[in-house]
Amino acid sequence: MNAPDRYERFVVPEGTKKVSYERDTKIVNAASFTVEREDHTIGNILRMQLHRDPNVLFAGYKLPHPLQYKIIVRIQTTSQSSPTQAYNQAIDDLDKELDYLKKGFEDDKNRYEEKLRQGY
Amino acid sequence: MSSSTKVSALDMPDVPMGQLPEHLHLQRTRVVCKADAPIHTEGIQYSGAYASIGVDNSMGPNKFCKSFKTVVVRLTADEIEFDMVGIDASLANAFRRILIAEVPTMAIEKVLVVNNTSVIADEVLAHRLGLVPLNADPRLFEYLSENDTPNERNTIVYKLDVSCKKGGSRVTVKSNQLKWLPNGSELQMTTYDSSAKAKSYTSFSCSQDSLPEFSKKPLGVSFPLELLSDIQNLLLIIYHCHKSYNYEQAIELEAHAVKGMGKVHAKWSPVATAWYRMLPEVVLLKEVKGDDAEKLVKKCPVGVFDIEELGNGDKKAAVVNSRACTLCRECIRGVNEELVELRRAKDHFIFTIESTGAFSPEELFIKAVTILEEKCDRVISELS
């Protein structure tokens with residue numbers, strides 16, 4: 001009865017930004033990013049990639065409520081970097097890794113099909 | 001007290017600088033499955049985790065590219081099993097989630113029932129029709145939103161017309177009896193204005209089979225499944241005309257299929273299912289000889305262990321097929337001493353993808369990676 005429509009899980013409504021940024025007033029170099037209409041699929045990956053950054057002191061994500069389709073990513077960095085920089089760097093690294101992954105898989109699939117064709 | 005030159009504990013010969021000692025390496029790369037619960041399950045990504053020992057735990061894109069490997073184990077028309085080494089559990093799970101819920105497919109959404117005198121209610125029949133996997137490539141279609149008119153670019157129309165005469169034999173209705181109507185809907189919408197031209201429910205400007213993409217492969221259903229049945233797992237639409245019913249049963253309906261994602265409804269999921277597991281590693285902690293070895297080999301239901309003959313009639317147990325381990329834990333159950341350690345490699349995943357027919361399984365995975373890349377691009381913050 002109160003559940004929102006299923007397409008709300010991925011359709012960003014007019015007027016709201018996909019990613020919004022809030023600096024943390026009490027701690028230096030800390031910020032929260034609210035990403036609309038995303039879930040654990042991207043949240044967990046982003047958190048994992050942020051942990052790999054040596055400049056990141058704190059990185060975590062949460063879904064405030066399962067029926068509110070957004071994630072909040074909280075990042076704290078050293079003074080060498082800023083949360084926005086760490087966030088963007090993490091996404092760029094992910095892009096590179098995914099590209100490489102896709103190529104690797106296609107190559108291996110072609111190799112496998114070749115082997116099948118040659119009858120091994 | 002003897003005076004000796006001080007040697008750092010980290011420089012001891014069996015713990016070379018730059019590498020982790022055995023037990024820490026185990027903790028970092030393996031999940032150990034004990035009898036009650038697994039331990040060391042968290043992933044240690046922090047690059048400074050072992051800074052105090054002088055070991056660098058960082059992983060940038062270059063290092064990832066060097067350590068990443070993928071191996072296809074089995075590839076058939078419906079199923080693929082492949083290994084991915086060097087990725088993290090969060091990435092594996094993201095692929096699984098995207099394969100199940102975010103790769104778009106075509107499925108029946110609207111069912112226009114002309115006649116249904118069978119024992120199955122309209123809505124039950126419509127629900128079952130929605131779940132039928134269709135053999136249509138969703139890349140050739142666009143999404144249909146509420147305000148759009150259904151046309152040849154966003155709808156596929158199927159017709160089902162079956163009947164069973166009174167006193168005739170039982171008729172089984174299978175999903176391959178859904179006929180594809182390339183010209184669009186044949187039903188006409190009722191209008192109150194008798195002078196207006198009769199409009200059908202879809203406005204196809206040209207016949208779908210005149211378009212080159214569709215003429216190559218006529219749009220049918222993937223498998224000739226029975227749509228409703230009292231036999232388990234078979235989908236059979238209806239048991240027509242049971243002898244005790246004394247009337248003719250007929251179904252005449254038109255079904256419109258549109259593009260959608262599994263996130264909205266599971267009928268749009270392109271996979272029967274997709275799953276992954278971590279590569280098992282089974283290690284014998286002690287030498288197991290003689291009768292104990294025989295017992296151990298018998299315990300395992302999938303054949304992980306086997307007997308190795310040692311020359312003078314002696315037998316020893318050895319691990320031959322640790323990949324088959326299903327973690328039934330029979331080999332560590334109830335024993336007084338630990339003979340076997342069951343481990344899982346944290347960065348080696350064995351993926352299995354079973355497709356329902358719209359895509360081939362390797363295309364499905366490539367599509368999933370593309371969707372994840374698009375997601376990442378959408379999530380980039382525009383702030384400097």
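## Hairpin of β14(B) and β15(B)

Glu309(B) stands opposite Lys315(B), a residue of β15(B). The two strands concerned, β14 (residues 305-310) and β15 (residues 314-319) of chain B, run antiparallel and are joined by six bridges. Three residues lie between the strands of this hairpin, where Gly311(B) takes a positive phi near 55 degrees. Strands are DSSP runs of E with at least two residues, helices are runs of H or I with at least four residues, and both are numbered from the N terminus. Two strands are taken to pair if DSSP finds at least two bridges between them.

The model is predicted: local features need pLDDT of at least 70 and side-chain atom pairs count only at pLDDT 80 or more, while totals for chains, interfaces and linings use all residues. Residues are numbered from 1 along each chain as its sequence is written, chains are lettered from A and ligands numbered from 1 in the order in which they are written, and side-chain values use heavy atoms, with hydrogens and water left out.

Chain B has seven helices and 16 strands. Of its 384 residues, 41% count as buried, a term that denotes under 20% relative accessible area, with exposed over 50% and partly exposed in between (1.4 Å probe, protein chains only). Among the contacts in chain B between residues at least 6 apart in sequence, 71% join residues at least 24 apart; contact means heavy atoms within 4.5 Å.

Asp161(B) stands opposite Glu252(B) in β12(B).

## Surroundings of Val32(B)

Val32(B) lies in strand β1 of chain B. Because its relative accessibility is 3%, Val32(B) counts as buried. Apart from neighbours within four places in sequence, Val32(B) is in contact with Leu26(B), Ala37(B), Pro38(B), Ile39(B), His40(B), Glu341(B), Leu342(B) and Arg343(B). The C-alpha atoms of Val32(B) and Lys346(B) are separated by 10.0 Å, although the two residues are 314 residues apart along the chain.

## Cavities

Two cavities of 30 Å³ or more are counted. On a 1 Å grid over the protein atoms alone, a cavity is a set of points where a 1.4 Å probe fits but cannot get out, a pocket is an open set with protein on both sides within 12 Å along at least five of seven lines, and lining residues have an atom within 4 Å of a point. Grid points are joined across faces, edges and corners, and a volume is the space filled by probe spheres set on the points.

The largest cavity has a volume of about 60 Å³. Its lining includes Val282(B), Phe305(B), Arg329(B) and Leu342(B), and by class comprises 10 nonpolar, one polar and one charged residues. Ala, Val, Leu, Ile, Met, Phe, Trp, Tyr, Cys and Pro count as nonpolar, Asp, Glu, Lys and Arg as charged, and the others, Gly among them, as polar. The second largest cavity, of about 40 Å³, is lined by residues including Cys33(B), Lys34(B), Glu341(B) and Leu342(B). Strand β16 (residues 340-355) of chain B gives the largest share of this lining, three residues. The lining of the second largest cavity divides into five nonpolar, no polar and three charged residues.

## Pockets

The largest pocket holds about 940 Å³ of space. Of its 23 lining residues, Tyr7(A), Glu109(B), Leu144(B), Ser145(B) and Glu146(B) lie nearest its centre. β12(B) supplies the largest share of this lining, four residues, and the lining divides into 12 nonpolar, four polar and seven charged residues.

The second largest pocket contains about 790 Å³ of space. It is lined by 33 residues, of which Arg28(B), Ile44(B), Asp88(B), Lys346(B) and Asp347(B) are the closest to its centre. Elements that give two or more residues to this lining include α1 (40-51) of chain A and, in chain B, β1 (30-33) and β16. By class, the lining of the second largest pocket has 10 nonpolar, 13 polar and 10 charged residues.
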